[in-house]
Amino acid sequence: MRRLKILGVLSLLVSFLEAHTLMMNVANNGDGTITVVGEFSTGELAAGAMVRLESLVSGSTLFKQRLGVEGELAIPIPKEPYQVVLDGGPGHVIVKEGIAPAEGFSIQVSEAGKSTKKLSEAQNSTGEWSLPTMILFSLALALMGLTLYFSARNTKKLLEFKG
């Protein structure tokens with residue numbers, strides 16, 4: 001009976017640690033501004049997530065503000081190449097290339113600078129597990145082990161009962 005309670009608590013804990021992915025949409029409003037919308041794959045808005053526009057020329061931050069309660073933000077388009085960064089916390093960072101203004105960028109970035117930036121993005125986004133992912137993976141392994149244990153034990157009891 002105690003084991004059933006432990007399994008019940010573990011399954012309840014897993015349901016509370018529901019995995020979710022941060023998603024970002026960047027849209028051109030046609031009036032010299034872009035709208036950045038952030039939400040999680042669960043449908044929850046990413047209200048309070050930090051939005052940064054970073055220059056691809058100098059690497060400096062051109063704009064920085066948190067998303068409002070509606071999960072979106074209208075931002076003037078910079079005159080230089082940039083990337084949009086949505087930071088929803090550890091393990092929830094999205095980077096997208098910025099949309100050019102109608103008249104084009106007044107400052108250009110060299111191809112070498114662009115490829116260096118892309119390489120550093122790739123290095124930061126691969127091979128890292130967030131804490132919730134590690135917890136869920138550990139719980140999944142533990143539940144799988146418990147399932148195999150109880151299955152083997154019950155199979156043994158059934159075989160002994162028939163014999």
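1. Glu54 and Arg52 form a salt bridge in which the closest N and O atoms are 3.0 Å apart, a salt bridge being a side-chain nitrogen of Lys or Arg within 4 Å of a carboxyl oxygen of Asp or Glu. Both Glu54 and Arg52 are buried, where buried means under 20% relative accessible area, exposed over 50% and partly exposed in between, with a 1.4 Å probe and protein chains only. The side chains of Arg52 and Glu54 are also joined by a polar contact of 3.0 Å; a polar contact is a pair of N or O atoms within 3.5 Å, of which, within protein, one must be able to donate a hydrogen and the other to accept it, while residues adjacent in sequence count only if both atoms are side-chain atoms.

2. The model is a predicted one, in which local features need pLDDT of at least 70 and side-chain atom pairs count only at pLDDT 80 or more, whereas totals for chains, interfaces and linings use all residues. Residues are numbered from 1 along each chain as its sequence is written, and side-chain values use heavy atoms, with hydrogens and water left out.

3. Arg52 also meets the side chain of Asp87 in a salt bridge, at 3.9 Å from N to O. This pair links distant parts of the chain, since Asp87 lies in strand E6 (residues 82–87) and Arg52 in strand E3, 35 residues apart; helices (H or I, at least four residues) and strands (E, at least two) are DSSP runs, numbered from the N terminus. Asp87 counts as partly exposed because its relative accessibility is 26%.

4. How many salt bridges does a search of the whole structure find? The search finds three, one of which joins Lys79 to Glu103, with the closest N and O atoms 2.8 Å apart. Lys79 lies in the loop between E5 and E6 and Glu103 in the loop between E7 and helix H2 (111–125), so this pair ties together parts that are 24 residues apart in sequence. Lys79 is partly exposed, with a relative accessible area of 47%, whereas Glu103 is exposed, with a relative accessible area of 58%. Salt bridges that share partners join Arg52, Glu54 and Asp87 into one network.

5. The surroundings of Arg52 deserve a separate remark. Not counting residues up to four places away in sequence, Arg52 touches Thr61, Phe63, Lys64, Gln83, Val84, Val85 and Asp87, contact meaning heavy atoms within 4.5 Å.

6. Four strands form an open sheet in the order E4-E3-E6-E7, with antiparallel pairing, two strands being paired if DSSP finds at least two bridges between them. Strand E4 (61–66) and strand E7 (93–97) stand at the edges with a single partner strand each, so one side of each is left without a neighbour in the sheet. Neighbouring strands of this sheet are turned by 15 degrees against each other on average, direction ignored; the axes are lines fitted to C-alpha atoms, for helices over the stretch in contact, and angles run from 0 to 180 degrees between N-to-C directions.

7. Within this sheet, strand E3 (residues 50–55) pairs with E4 in the antiparallel sense over five bridges, and Val51 stands opposite Gln65 in E4. E6 and E7 likewise pair in the antiparallel sense over five bridges, with Val85 opposite Val95 in E7. E6 and E7 form a hairpin with five residues between them, and Gly89 in the turn has a positive phi of about 115 degrees.

8. Three strands form an open sheet in the order E1-E2-E5, again with antiparallel pairing. Strand E1 (22–28) and E5 are the edge strands, each with a single partner, so one side of each has no neighbour in the sheet. E1 and strand E2 (residues 33–40) pair over seven bridges in the antiparallel sense, and Asn25 stands opposite Val37 in E2.

9. Glu72 lies in strand E5 (residues 72–76) and counts as partly exposed because its relative accessibility is 37%. Beyond residues up to four places away in sequence, Glu72 touches Thr35, Val36, Val37 and Leu67.

10. As to confidence, the protein chain averages a pLDDT of 81, and 75% of the residues score at least 70, pLDDT being the predictor's confidence in each residue, from 0 to 100. Over residues 115–126 the pLDDT is below 50, and this stretch has seven contacts in the model beyond near neighbours in sequence.
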